[in-house]
Amino acid sequence: MGQSMPCACFENLNLTDQETDEKVINERLKMLTDGAKFTRKAYLGLTSQEVFVSLSDDKSGLKWKTENAWTGGEHGEIDLTSEVKKIKTHGENGLHVVGLDDKVIFDIKSEDSSERDKWVIALNELLQSWVDYPDTKPKSSVSASGQSNKSDYFKRREEEIKAREKVNSERKAKYSSGGMNFTAQVMADR
């Protein structure tokens, strides 16, 4: 094969290969941090719901959030630094986040394959950059509270139950020492 001639439109462009690579990488990271809407299967695969996915600010995880009128939505974060092995395409528009045990952690679909391909390339480049340059790998920012809102729900529920028990015990203590007199008074108040 012969030498390839550069296009005339690029003659006045004085960027080195490293500068163009950094520019492309920064554009891809900006696309990831800005996020995009995908869909995922819900209710045993019978329906689908919209999911907004973005790269966390410190670039250590994928944040996702759903909006649901009934439950108020779900949210979570997938730790890219310690849970994810690779990102791969699936079907026409599907994207799989594959864990270290080669099981799918997160399954979403894009509206078109070009958007999905941009995300797969950008995320795999990010993961590969951490392998090539381990000192650039961020510390994990994902905590147990970022995994699910169930723990928050049960914590609030437990606090509500304890508060209700406290109010009930105070009310019972008021009437416990009086015997039949207070019992008659309570019955009369009803």
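## Salt bridge exercises

At 43% relative accessibility, lysine 85 counts as partly exposed. That value comes from a predicted model, and the exercises below start from this residue.

**Exercise 1.** Find which residue forms a salt bridge with lysine 85, and where the two partners lie.

*Solution.* Begin with the atoms: the partner is aspartate 102, and the closest N and O atoms are 2.9 Å apart. Next, place each residue. Lysine 85 sits in strand β5 (residues 84-90), while aspartate 102 belongs to the loop between β6 (94-99) and β7 (104-109). The two are 17 residues apart, and the pair links distant parts of the chain.

**Exercise 2.** Work out why the salt bridge of glutamate 125 and arginine 28 ties together parts that are 97 residues apart in sequence.

*Solution.* First check the contact: the closest N and O atoms of the pair are 2.5 Å apart, and the cut-off is 4 Å. Then look at the elements: glutamate 125 is in helix α2 (residues 113-132) and arginine 28 in helix α1 (residues 17-34), so the bridge joins these separate parts. Finally, consider accessibility: glutamate 125 is partly exposed at 36%, and arginine 28 is partly exposed at 28%.

**Exercise 3.** Classify glutamate 158 and lysine 162 as buried, partly exposed or exposed, and locate their salt bridge.

*Solution.* Start with the relative accessible areas. Glutamate 158 has 45% and is partly exposed; lysine 162 has 51% and is exposed, because exposed means over 50%. Their side chains meet with an N to O distance of 3.5 Å. Both residues lie in helix α3 (residues 150-176), four residues apart, or about one turn of the helix.

**Exercise 4.** State how many salt bridges the structure holds.

*Solution.* The count is eight.

Note on methods
Residues numbered from 1 in each chain as written. Predicted model: local features only at pLDDT ≥ 70, side-chain atom pairs only at ≥ 80, totals over all residues. Heavy atoms only, no water. Buried < 20%, exposed > 50% of the residue type's maximum accessible area, 1.4 Å probe, protein only.
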